[in-house]
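Student: Could you show me, step by step, how to read a few features of a protein model?

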Amino acid sequence: MKQTLLTLCMVCLGFTAIFAQDATVKGRVLDANSNDAVENVVIRIQNSNAGTFTDADGLFSITSASLPQGEQVLIVDKEDYVVQRIPITIQNGQTVNLDPILLQLDLTEVEAQIGIISLSDNDLNEDEGTSFNISGLLQASRDVFLNAAAFDFSATFFRPRGLDNANGKVLINGIEMNKQFNGRPQWGNWGGLNDVQRNREFSMGLKANEYTFGDVAGTTNINMRASKYRKGGRVSYAFANRSYTGRVMGTYNSGVTADGWAYSVSVARRFGDEGYIDGTSYNANSFFGSVEKQLSDNHSLNFTAFYTPNRRGRSTAITQEAEDLKGRRYNPNWGFQGDDIRNSRIREIEEPVIMLNHYWDISENTTLNTNVGYQFGKIGNTRIDNGGTRLITVDGQDSYIGGARNPSGDYYQRLPSYFLRFDNPTPYDYQLAFQAEQEFINDGQMDWEGFYRANAISATNGGNSIYVIQEDRNDDTQITFNSILNTKISENIALNANVNYRNLKSENFASVKDLLGGTGYLDVDFFAEDDVNTIVGQLAQSDLQNPNRIVGEGDRYKYNYDLNADVISGFAQAQFKYNTVDFYLAAQAGQTNYQRTGLFENGNFPGARSLGDSEELSFTTYGGKAGAVYKVTGRHLIDVNAGYFTKAPNLRNSFSNARQNNDVVIGLEEEKIQNVDLSYIYRSPIVKARLTGYYNTIQDQADIGFYFTENISGLGIEEDAFIQEVMTGIDTRRMGVELGIEAQVTPTVKLKGAASVGQYTFTNNPNLYLTSDDFEGVLTFGDGTAKLENYHVAGGPERAYQVGFEYRDPDFWWVGVTGNYFSNAYIDVNNLSRTANFTSDFDGQPFNDYDEEVARELLKQEEFDDYALVNVVGGKSWKIKDYYVGFFATINNVLDQEFITGGFEQGRNANYRDVLTDKSRENGQVFGPRYFFGNGTTYYLNLYVRF
């Protein structure tokens, strides 16, 4: 009996000892304004797997014998509140009691939404050699450096790591939104829906992502699921002078009702007669609705739809001469029609998106998300077509008379430099130049009255419209299906996988938007030229099936074809999380097919060359990636990621002249991408910092440029032509370092800094050839390459630096100031000038006056001047009963600095003799580079009420 009693005592003591080894971290979370309990707050111990959520009373408790010991950081995180990082000391057998933890409303959430507003506003003119550049991916990150890149660096068209938006992925409810045509997300498709874009998950670079394999610029999934929105509403009004002048928005979220329903609605309007740049009108509406029904404890069905029609007047790059005379706000695309400003280049987007999402909790550790998305509508871009003619027949031979000079306000023959282009100008030349200068200063815009007058005169004489508004249309219909599986095999191991299918039919055509008072338009190519074996009347036809057709408003003309794309892909990923190291492994594979179907038989490319189906293009893609986070201590981390994968070229770069024929790009291959980055991360309650080094190469890229040139060698005659410049086998390298650091030096003052130092260069001499309807076949020069090795890849500054501070007063007002410095930005060079065409005369023979030293100076890549920008941001909020009332304001470029954000060399002159002549002109270049100039001082003021 004594022995039994002794045994029981020992067992009890053993259990007591075991339980005594447990450590407990508990507490209660309250709203700092109302003292109400805050539920569903994420509570976790930094760099460990230990975590929980607060209950309806705001209470939480974490108890375990395996909690990390010693000094740790407790993360307290809830949407709409400032994240708390609380230093604690954990010891087994002891309890840490944090009661209360007060959470403050996070006004930076408002700031983040303001940043999102600009995403679709920063587009440049892709058809003029530039591209969409700011990555909206960054908006989802709280990383110090990426916040600087998203908000302060964006005005300079800075690209993190030199990467384009096409190198990142944007998903909505798990469905990829990047366009098949150019690989970029079309931000205008969901513009103005800021309130319902706040639930975002961001994976930086190639880091592990639960939805997709991703890409080197990062991956963002925007969750528009109705049940995930916090119950309540928001109404706001904004004033601005950048892209639009006003914005009104209203949003309401029901939360999940007792019977399992949830809905969210949002409407917005953005408007303005013109933004900071002259003549850039803005007219956009946004509608969003999402409804979700929880069918059972394990099944939920969500329906989301949004429609954001927007119509914007576009600007363009201008020469230094034009900027000197008219200023950086100058835009040649508009003119007065009566008392109204009318822009000839209008971009209009109407592409509704519908999604159906099914969420299935198969078990406690396994979920399956299946999605179907449908997108349809149109994207239209207008411009003046000044090639109107009428048909005459002489001796049985058709010919065409008409056409007009380029109507652009900054056409080179309207500028002073044109009249002073020759050596030793005469007094009469100076008189003409002065007249041109005054006319340009006082006007320099589109002459709408002149267009209508010319068409009226033509109609009186029995002719057709000389001028019309042409709209280039892309009418896409796309259906997407995917299924995403996530399962937790154990406490430390999780698997993610998906399968994805996309089908696109893209109708591409030109249509007559406005006859400008005329009666019709003759659908022929006024610039077509015949040879001894061709009848010009056939050569000029846009569609040999319907020759000499008179088209009216709404009719398709010039070109008409479909692009079809099928993409199937899948990925699998394993994630491992342990106390000292987390790591992941992932792989992907896919198949992409493209085909063009010509609906017009072009006169320059008769028969199957333009009509009917093209060759079908097929690309097989694959890739793998891996990464790890080593937790040196709770505050010091090492993060490494590496990947290699291939990508199919986009549709834009797969057909050399899709508007006219079925020709596919010669030598087209899948892109090969290699990427590695290594980061040191430091996190303490006061200081957060990240230092990253990165190295990226992309091989076998393709690019097609469209422009007019007067210099083509080897044809035996002096020839000018509108060409398609096709480059393949392009290899580039991007490497550099990033630094972001912030210090909460006092409870109210935060200091922050960021820096990016990179180098983005071509690493080979890619293949280059020309095609055109002005000459037969494919034209190459010398060894068939463009000497681009060691030139810089254009796309914003390679170096950017920031220092700043933020003050947040306990009375809920705050202000922040940043100083930003940018350097090492380069012009986009003309590729044709870097081929053997540059050294050769029209007969293909080398220039006898060619000087290699002079040529080297002529071909030196222009580096833009360094510049510094100061930005100020601030806000204030009040809690009035159950309402939050506040405002947010930002002023960019406070000191009104002038700077160039980008630009490109014109390709009209592309040989040594003509480039030298143009650059040597005493009174300025006639065909100088075109630049994009940054905005001066701009502001944004947002007033809001939340309930």
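Student: Is Tyr 559 buried or exposed?

Tutor: In this predicted model, a residue counts as buried when its relative accessible area is under 20%, and because the value for Tyr 559 is 5%, Tyr 559 is buried. Tyr 561 also counts as buried, at 5% relative accessibility.

Student: How many aromatic pairs does the structure hold?

Tutor: There are 37 aromatic pairs in the structure. Tyr 559 and Tyr 561 make up a tilted one, with 6.1 Å from centre to centre and 40° between the planes. In the pair of Tyr 412 and Tyr 418, the ring centres are 5.6 Å apart and the planes stand at 80°, so this pair is edge-to-face; both Tyr 412 and Tyr 418 are buried. Ring pairs can also join into a cluster, as they do for Phe 145, Phe 153, Phe 158, Phe 822, Tyr 867 and Phe 899.

Student: Which residues are buried in helix α10?

Tutor: The general idea is that an α-helix has 3.6 residues a turn, so residues three or four places apart point the same way. In α10, which spans residues 912–919, the buried residues are Tyr 912, Val 915 and Asp 918. These cover an arc of only 140° around the axis, so they lie on the same side of α10. Among the elements that cover the buried residues of α10 is α9 (852–858).

Student: Where is Phe 481, and what does 37% relative accessibility make it count as?

Tutor: Phe 481 sits in strand β27, and at 37% relative accessibility Phe 481 counts as partly exposed. Phe 481 also belongs to a nonpolar surface patch of about 980 Å², whose members include Leu 295, Ile 479 and Tyr 501.

Conventions
Residues are numbered from 1 along each chain as its sequence is written. This is a predicted model: local features need pLDDT of at least 70, side-chain atom pairs count only at pLDDT 80 or more; totals for chains, interfaces and linings use all residues. Side-chain values use heavy atoms; hydrogens and water are left out. Patches are made of residues with over 30% relative accessible area and no salt bridge: like charges are joined within 9 Å, nonpolar side chains (Val, Leu, Ile, Met, Phe, Trp, Tyr) within 5 Å. Accessible areas come from the Shrake-Rupley method with a 1.4 Å probe; for residues, only the protein chains shown count as cover. A salt bridge is a side-chain nitrogen of Lys or Arg within 4 Å of a carboxyl oxygen of Asp or Glu. Helices (H or I, at least four residues) and strands (E, at least two) are DSSP runs, numbered from the N terminus. Buried means under 20% relative accessible area, exposed over 50%, partly exposed in between (1.4 Å probe, protein chains only). The arc is that of the directions from the helix axis to the C-beta atoms. Contact means heavy atoms within 4.5 Å. Rings of Phe, Tyr and Trp (its six-membered ring) pair if their centres lie within 6.5 Å; planes under 30 degrees apart count as stacked, over 60 as edge-to-face and the rest as tilted.
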